[in-house]
Amino acid sequence: MKTGLLLVGGGLANSLIAHRVLDTQPDVPLLVVERGASLGADHTWSFHDSDLTDEQRRWLRPLTAHRWASHELRFPDRRRSFDDGYNSVTSRRLHDVVSAALGDRVRLETEVAEVTAGGVVLAGGERIEARTVIDGRGDPGGGHLDIGYQKFLGLFIRLSEPHALTGPILMDATVEQTDGYRFVYTLPFSPTEVLIEDTYYADAPDLDRPRLRAGIEAYAERQGWAMAEITGDEAGVLPIVLGGDIDAFWADGPPGVARSGMRGAFFHPTTGYSLPEAVRLADEIAAIPDPAGAPLFELTRRRSAELWRATGYYRLLNRMLFRAADPEQRYRIFERFYGLSDGLIRRFYAGRLHWIDKVRILVGKPPVPIRRALQCLSENREPKKKISPTSGGAT
Ligand SMILES: Cc1cc2nc3c(=O)[nH]c(=O)nc-3n(C[C@H](O)[C@H](O)[C@H](O)COP(=O)(O)OP(=O)(O)OC[C@H]3O[C@@H](n4cnc5c(N)ncnc54)[C@H](O)[C@@H]3O)c2cc1C
């Protein structure tokens, strides 16, 4: 079999590429090969309005299952609400919309065993040749990045009474601080349906599910929310990048193959979130007149290197968070950060900080010991530990 553009893995990044390419160039010959039974597995991906342009939010709208006009943050000494809209794309919606557009151009429950620049070999031995291959099989691991973790367990809960929230609580750090920076994240999907995630910026990737589940139940009870039923769950262990070798990251993998999503290190260093970068990459690929014949390896490799260079400051902040602050004091860095201006906070998450923002984040009395903060300045310092990045999947 032969195709034009072959998207290996039908997760978030490759589904967005397929959606955007078919939106703008319906006749591009392409094929998505995904080992799961549906596109996008079982995830809820969220983003701020200000992470994307108006046009990007417009084309993402069919996939956006929820939108809230505002959200809030809670810390022991600070409570703040933001009028920036917040949105969630669900994998169910992504699957429905993108698979309808793909028609017979998607093969589900199909495991790829080998990827090369000229095509793939499936687990069953079949070979699919392609003019261009994009590897979007998720986080490759490999130990080339020095990382901490954002890890979480979330429960989808039906409440017996309405919760009275007007929007999401992105961080409620008024909870007991254990295992690093801990906060609870709540998305209210309807008056009686919520996703509550117990989240940790931690040094180790292990998830003690029974403990986190108990923490979520205790949190719901403290809010006065009576749980009627747990309807599902999701868990994640996302990489928070402190440093590393992006060239070695790219050298480790099939030569000459373009990459998308986590596979290409297209994610925000401080949140591990990849949706905004995936949207930008989808836009860039869809703008090429013949994406199936374009040098996408060079394009994705260059974009990834540029993103790495542009996000050195974020890795510095991450090192301060993970190396300079005592684990149970990490929340103070976020509490202080959320005292800064709305515009700066928006630009931080959108990855568009101005130089003056960078100065403002660091001036004043830092909530970490100065000597340890100074030791974090060099990215080239011998890393404290090298760990393979991992990303959890929905359970
Ligand atoms: C539970 C969870 C919640 C998250 N929430 C957010 C969020 O709110 N906002 C945000 O921006 N980011 C979020 N992230 C982080 C990140 O955006 C996601 O991990 C995102 O799904 C990464 O997209 P991707 O396309 O790189 O990888 P994935 O979406 O993981 O897709 C990889 C796909 O490749 C397939 N695959 C792998 N190997 C093979 C093979 N050999 N053959 C065929 N198919 C294969 C997999 O089945 C999978 O479908 C979350 C992550 C998790 C785990």
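**Ligand shell and salt bridges**

Three elements, α1 (12–24), β3 (44–48) and β16 (227–244), each put at least two residues into the shell around the ligand; helices (H or I, at least four residues) and strands (E, at least two) are DSSP runs, numbered from the N terminus. The model is a predicted one, where local features need pLDDT of at least 70, side-chain atom pairs count only at pLDDT 80 or more, and totals for chains, interfaces and linings use all residues. Residue numbers start from 1 along each chain as its sequence is written, and side-chain values use heavy atoms, with hydrogens and water left out.

The shell holds 30 residues, with Ala 13, Glu 34, Ser 46, Met 262 and Ser 274 the closest; a residue belongs to it if one of its heavy atoms lies within 4 Å of the ligand. β16 gives the largest share, four residues. By type, the shell splits into 11 nonpolar, 14 polar and five charged residues, where Ala, Val, Leu, Ile, Met, Phe, Trp, Tyr, Cys and Pro count as nonpolar, Asp, Glu, Lys and Arg as charged, and the others, Gly among them, as polar.

As for individual atoms, a backbone N or O atom of Leu 275 sits 2.9 Å from a ligand oxygen. A polar side-chain atom of Glu 111 is 3.3 Å from a ligand nitrogen, and one of Tyr 273 is 3.5 Å from a ligand oxygen. Taken alone, the ligand exposes 970 Å², and the protein buries 92% of that (Shrake-Rupley method, 1.4 Å probe; for residues, only the protein chains shown count as cover).

Glu 34 lies in the loop between β2 (30–33) and β3. The residue is buried (under 20% relative accessible area; exposed is over 50%, partly exposed in between, with a 1.4 Å probe and protein chains only). Glu 34 has no salt bridge, meaning a side-chain nitrogen of Lys or Arg within 4 Å of a carboxyl oxygen of Asp or Glu. Its nearest side chain of opposite charge, Arg 35, is 5.4 Å off (Lys and Arg count as positive, Asp and Glu as negative; His and the chain ends are not counted). The backbone nitrogen of Gly 10 lies 2.6 Å from a polar side-chain atom of Glu 34.

Elsewhere, the salt-bridge count comes to 33. Arg 323 and Asp 146 pair up at 2.4 Å, N to O. Arg 323 is in helix α8 (residues 312–324) and Asp 146 in strand β12 (residues 145–159), so the pair ties together parts 177 residues apart in sequence. Arg 323 is buried at 13% relative accessibility, as is Asp 146 at 3%.

Definitions and conventions:
Polar contact = N/O pair within 3.5 Å; in protein donor to acceptor, adjacent residues only side chain to side chain.
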